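Me: I have a structure open and want to go through some of its packing. Can you take my questions as they come?

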Amino acid sequence: QFLLLRWYFRLFIWTRLLWQVSRIDLQLVPTHPDRAGGLAFVSTMVHAFVPLLMAHGALFAGNLANRIFHLGATLPQYRLEILLLVLVLLLLILGPLAVFAPMLARAKRTGLREYGTLAQGYVREFDTKWLRGGAPADETLMGSGDIQSLADLGNSFEVLRSMRVIPVTRDAILQLTVATLAPIAPLVLTIMPLEDLLRKLFGMLF
């Protein structure tokens, strides 16, 4: 319990640090390929809390094992509790990243407006030049960079449209979920013999 309290203190310090950083006037780039304005790297730092999640998973696994071996319970009976544990711990670790939501949402709105204006002007010029007879007689569409520029503009707009307002990556969620479930995983052997489990795994792989 003392060690867990120390980890909770570290989590408090981390949350406070994120809040202080969120007060800075960050120069976010809405079209950054990480789809988080350039802040997705922050979620990669949550791996530091993997020991905390594994500790909670181990405590929960010990409680489940006691009920299974001594009270006749089965692992599937606690699937909702396991799901709830994962969700609560994910919220505990990833929740502080929500402090960046206001600035990311503002950057996304601004980016959509600005890039929308830019795109509107470009597609009008493209339409006038190549569809309304505005292109010079000695210039052909084949080999022109206009098409590529149009595609690049569309890709940038798509990145902007799918920009997240909370800088949480799928890898971070997966890493924390695995860390939580790892201590509970051996309890699967209480409902399925190891031989059958290995056979099923090999069947999925091969």
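Predicted model: local features only at pLDDT ≥ 70, side-chain atom pairs only at ≥ 80, totals over all residues.

Me: At what angle do helix α3 and helix α6 pack?
Reply: Helix α3 (residues 79–94) and helix α6 (residues 170–181) pack at about 130 degrees, with axes 10 Å apart. Axes are lines fitted to C-alpha atoms over the stretch in contact, and angles run from 0 to 180 degrees between N-to-C directions. Helices are DSSP runs (H or I, at least four residues), numbered from the N terminus.

Me: Which residues make the contact?
Reply: From α3, Ile82, Leu85, Val86, Leu89, Leu90, Ile93 and Leu94; from α6, Ile173, Leu176, Thr177, Thr180 and Leu181. Contact means heavy atoms within 4.5 Å.

Me: Switching to rings. How many aromatic pairs?
Reply: The count is two aromatic pairs. Rings of Phe, Tyr and Trp (its six-membered ring) pair if their centres lie within 6.5 Å; planes under 30 degrees apart are stacked, over 60 edge-to-face, the rest tilted. Tryptophan 7 and phenylalanine 49 are edge-to-face, at 6.3 Å centre to centre and 65 degrees between the planes.

Me: Where do those two sit?
Reply: Tryptophan 7 lies in helix α1 (residues 2–22) and phenylalanine 49 in the loop between α1 and α2 (50–71), so the pair ties together parts 42 residues apart in sequence.

Me: Which residues form the aromatic cluster?
Reply: Trp7, Trp14 and Phe49 form one.

Methods:
Residues numbered from 1 in each chain as written. Heavy atoms only, no water.
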